[in-house]
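Subject: Structure for you to look at

Hello,

I am handing over the structure below, followed by notes on what was found in it. Please read them with the coordinates open.

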Amino acid sequence: MALDRSDVEKIAHLARLGLNDADIPRTTEALNSILGLVDQMQAVDTTGIEPLAHPLEASQRLREDVVSEANHRDSYQAIAPAVEDGLYLVPKVID
Amino acid sequence: MHQMTLAEIARGLADKKFSSEELTRSLLARIAQLDPQINSFISVTLDLAITQAQAADARRAAGETGALLGAPLAHKDLFCTKGIRTSCASKMLDNFKAPYDATVVAKLAAAGTVTLGKTNMDEFAMGSANESSHYGAVKNPWNLEHVPGGSSGGSAAAVAARLLPAATGTDTGGSIRQPAALTNLTGLKPTYGRVSRWGMIAYASSLDQAGPMARTAEDCALLLQGMAGFDVNDSTSIDEPVPDYSASLNGSLQGLRIGVPKEYFSAGLDSRIADLVMASVEELKKLGAVVKEVSLPNLQHAIPAYYVIAPAEASSNLSRFDGVRFGYRCEDPKDLTDLYKRSRGEGFGPEVQRRIMVGAYALSAGYYDAYYLQAQKIRRLIKNDFMNAFKDVDVILGPTTPNPAWKIGAKNADPISAYLEDFYTITANLAGLPGLSMPAGFADGLPVGVQLLAPYFQEGRLLNVAHQYQLVTDWHTRSPEGF
Amino acid sequence: MQWEVVIGLEIHTQLTTQSKIFSGSATTFGSEPNTQASLVDLGMPGTLPVLNKEAVQMAVKFGLAIDAEIGQHNVFARKNYFYPDLPKGYQISQMELPIVGKGHLDITLEDGTIKRIGVTRAHLEEDAGKSLHEDYSGMTGIDLNRAGTPLLEIVSEPDMRSAKEAVAYVKAMHALVRYLGICDGNMAEGSLRCDCNVSVRPVGQVEFGTRCEIKNVNSFRFIEKAINSEIQRQIDLIEDGGKVIQQTRLYDPNTNETRAMRSKEEANDYRYFPDPDLLPVIIEDSFLAQTRASLPELPPQKRERFQSQFGLSLYDASVLASSREQADYFEQVVGIAGDAKLAANWVMVELGSLLNKQGVEIDESPVSAEQLGGMLKRITDNTISGKIAKMVFEAMANGEGNADEIIEKRGLKQVTDTGAIESILDDMLAANAEQVEQYRAADEAKRGKMFGFFVGQAMKASKGKANPQQVNEVLKRKLEG
């Protein structure tokens with residue numbers, strides 16, 4: 001099930017990646033070649049096999065409910081592209 | 001001075017033969033002189049290095065000791081270093097001065113190490129040739145026309161070129177072991193959870209693991225000692241005591257059971273490498289090891305499974321790079337979607353974008369079961385293969401890579417051809433096992449590595465085997481010409 | 001055509017932990033923007049989440065309270081989408097294996113019947129930040145203080161059939177989470193937010209109609225109005241030959257209408273997958289037992305106890321048990337005053353109307369439970385009459401001190417001295433000689449009403465302080481005499 005141009009455009013939109021029109025054919029080809037590689041998996045019989053998400057299969061540790069963070073807004077915002085009045089700025093958002 | 005290993009430096013500093021500052025200044029000069037040839041550093045942290053070296057000398061003068069006190073090293077440029085650019089070799093983070101230190105960085109600094117700089121890498125650790133860096137390709141000191149491997153290619157090239165004795169790396173599918181093999185180094189990927197991932201910019205969270213890269217197993221033991229340990233900030237970090245790795249080096253290999261998987265010797269393996277692997281087996285046999293054939297029946301499925309799991313996790317991990325709070329932001333975004341698409345489209349290089357798209361696709365509605373879930377099931381099959389094999393053997397031995405370092409640009413046309421170079425290394429990440437690559441000879445002047453894998457938390461055993469091997473061989477002592 | 005309405009609700013409750021669900025930042029409401037946004041909350045590269053134990057415990061408490069299956073192996077998953085108030089580009093939530101499974105909650109309908117509403121599941125997740133749409137150089141400002149605040153999202157079955165039922169359910173849920181002490185329920189501050197899934201279908205049809213989701217409705221009143229306006233919109237649309245499209249909509253209280261949300265126009269593909277930075281959460285049996293033991297008495301048990309222990313009616317008991325604060329207040333009053341029915345009346349009627357008038361909640365009541373209890377004690381020991389008590393209550397509400405002080409200061413103590421009462425009555429009867437004649441001449445039937453006149457005059461003459469029972473007795477004797 002090879003991807004076509006519109007599939008690639010859809011995926012790129014989902015991932016919010018702005019592709020150059022000229023690059024799309026090459027990207028499509030590369031993605032198809034990668035998917036061709038990973039599609040080899042489909043031949044493997046995994047009936048009854050539990051998926052493995054973490055190699056060591058430990059369980060989640062729980063943190064005590066304690067406030068441990070101080071305010072570092074100035075240093076964190078020193079590396080931000082656009083801030084005003086302590087807020088991060090983005091182009092107008094419409095709900 | 002630049003030929004000294006970490007262990008030798010530790011002795012020299014302890015014996016007051018030289019100071020950390022002297023050593024640091026000498027290596028900084030060497031970096032300035034030679035790095036332009038190989039491009040292994042993204043940032044050289046001169047001021048920090050001198051400050052840390054002076055502080056280490058002061059601590060030593062005050063009576064403090066420690067194998068890493070005053071030892072120079074560099075960090076792969078995906079470990080966050082406070083106030084210092086942490087770029088992941090990406091345009092996306094070219095302007096990113098991390099607001100905090102990674103746990104690995106903080107632990108090593110506390111041990112007294114001196115940070116000479118941040119090393120080049122494949123962009124966001126995605127690659128095995130170090131060609132996808134925003135700061136240009138890294139060259140292999142053994143042959144400047146060849147790649148050093150990746151993604152920790154800068155760390156590998158810098159150590160191989162004797163610009164410094166050791167460096168940190170990270171390994172998601174072989175990114176420590178493969179460049180170590182291609183540049184004649186010893187590199188160790190620890191058990192998943194052994195080293196904290198806090199502050200290590202994620203590629204694939206369930207596979208990423210930091211580890212040491214150096215010229216000898218002895219040095220890897222020293223560096224790993226400073227890196228390993230439980231961290232409350234990393235939920236996947238494992239609360240297990242850290243053994244004394246240097247103490248584990250000297251055990252006898254008498255009776256050590258070495259497993260060689262029959263599936264390793266398949267069509268894709270360079271016959272010269274196959275021969276060198278078997279030669280290393282012979283050396284180990286002389287040291288008392290016994291060799292057994294084992295089987296990893298699902299080995300061939302590892303690459304497909306990896307190239308679903310890693311991109312899937314990456315596609316999500318890299319969503320935070322959106323031009324809002326840090327990093328690259330496109331010029332004059334006309335709306336929110338434009339801000340996202342152009343910041344990410346312009347900030348990420350082509351390989352990163354490809355992997356994000358593969359991952360987004362593998363997780364998308366209707367494909368999740370066929371891709372992501374299937375890959376996770378295969379992941380269990382692969383882990384089970386190892387669990388079975390380790391019932392009969394203590395370590396598994398094989399080639400680290402199917403080929404020696406290829407020419408820069410040779411695999412650019414087809415991303416898949418580079419993916420296949422991860423054939424031997426990827427399984428350790430999928431299963432979370434510790435793995436080590438050590439120098440085992442040369443093919444036409446290019447280094448060849450042998451990989452050792454061990455059960456969970458048996459880093460000491462890997463270092464022991466490699467160290468005993470290095471006591472009777474001299475591959476690891478050879479330097480590239482001109483460095 | 002007759003239409004049936006089908007409603008399901010998703011309620012987001014902010015848990016009252018001190019720190020965030022995955023970081024050590026404070027969760028205080030209303031701080032300066034981005035001063036409670038740590039490295040983790042900002043989604044800084046290299047940062048990792050660590051789960052807050054208290055959030056887990058609160059979710060388990062809730063699960064036990066609605067009699068749900070607890071997910072003893074529950075898993076956090078990433079919900080991937082891009083939005084500026086979502087710093088990581090994904091929300092850590094739970095998908096396939098939530099911490100709370102199927103449960104239920106009973107609601108009391110207007111006619112007094114009880115209806116059981118199914119709860120499909122409840123899961124833990126992190127809240128997003130806030131987008132501030134005031135103009136910042138033509139841009140939107142992002143405050144991430146709220147990002148990472150623990151939320152328990154409670155998803156109901158589509159079991160409700162009217163806006164009123166939906167409101168009753170939200171009220172019951174609101175009361176429950178406050179009872180449990182896991183959410184402050186402050187809807188104005190967004191501590192409890194509601195998404196309403198609404199559809200209509202012809203009566204008798206089995207399949208559900210196409211639903212629309214109204215996002216983020218933030219008061220009981222608006223929930224009712226938003227749902228009703230959406231129901232009407234859907235019915236009008238279908239009756240005009242149109243079709244309902246599955247949509248996310250916003251309710252505008254100014255126009256009392258819902259409108260489609262622009263940011264939700266495209267179909268979402270959230271690409272859920274287990275968060276590789278977090279491990280499965282295992283709820284041990286011991287943790288479960290410990291949590292169960294820490295559960296407070298909940299509304300149904302409390303209602304039953306009020307009936308059996310205090311002899312209250314079902315109605316009184318359920319009203320008093322409907323909120324934890326009210327129930328606690330009531331019990332404190334009973335503890336002091338002794339008379340439960342008297343206490344119930346005063347809490348529900350006099351105190352209720354006072355709070356209503358002042359627009360405050362019972363925990364901010366100007367008359368404390370100690371004060372009210374102290375006053376009721378003076379009714380039961382005959383120090384004051386019920387009528388005088390209303391004056392005393394009003395004075396307490398005005399901050400004039402406790403009942404005894406007010407009674408003392410204003411001299412409101414009931415007159416029980418028989419001699420004093422006789423003299424008051426003698427004076428009064430003398431002043432009303434004509435009426436006394438008429439009374440004595442009247443027949444038994446008429447006397448009842450006339451007797452009340454004399455009582456009133458006597459109370460008036462005593463400024464309300466005469467003990468009414470004694471007035472009755474002595475007056476009867478004197479008139480007969």
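A helix here is a DSSP run of H or I with at least four residues, and helices are numbered from the N terminus. Please keep in mind that this is a predicted model.

Helix α1 of chain C covers residues 53–65. Just after α1(C), Asp67(C) has a positive phi of about 60°. The 13 residues of α1(C) should span 18 Å at 1.5 Å a residue, and the end C-alpha atoms are 18 Å apart, which agrees. Of these 13 residues, 11 are buried, so the helix is largely enclosed by the rest of the structure. Among the buried ones are Val56(C), Met58(C), Val60(C) and Phe62(C), but also Glu54(C) and Lys61(C).

Strand β4 of chain C, residues 76–80, is mostly covered, with five of its five residues buried. In a regular strand, side chains alternate between the two faces of the sheet. In β4(C), one side carries Phe76(C), Arg78(C) and Asn80(C), the other Ala77(C) and Lys79(C), and all are buried. β4(C) runs antiparallel to β5(C), residues 90–94, and is joined to it by five bridges; Lys79(C) has Gln91(C) as its bridge partner there. β4(C) also pairs with β15(C), residues 273–274, in the antiparallel sense over two bridges, where Arg78(C) stands opposite Phe273(C).

Between chains, 57 residues of chain B are in contact with 40 residues of chain A. On the chain B side, α12(B) gives the most, with 12 residues. That side has 31 nonpolar, 13 polar and 13 charged residues.

Regards

Terms used: Residues numbered from 1 in each chain as written. Chains lettered and ligands numbered in written order. Predicted model: local features only at pLDDT ≥ 70, side-chain atom pairs only at ≥ 80, totals over all residues. Expected span 1.5 Å × (residues − 1). Buried ≥ 20, exposed ≤ 12 C-beta atoms within 10 Å, placed from the backbone. Contact = placed C-beta atoms within 7 Å. Nonpolar A, V, L, I, M, F, W, Y, C, P; charged D, E, K, R; others polar. Pairing = 2+ DSSP bridges.
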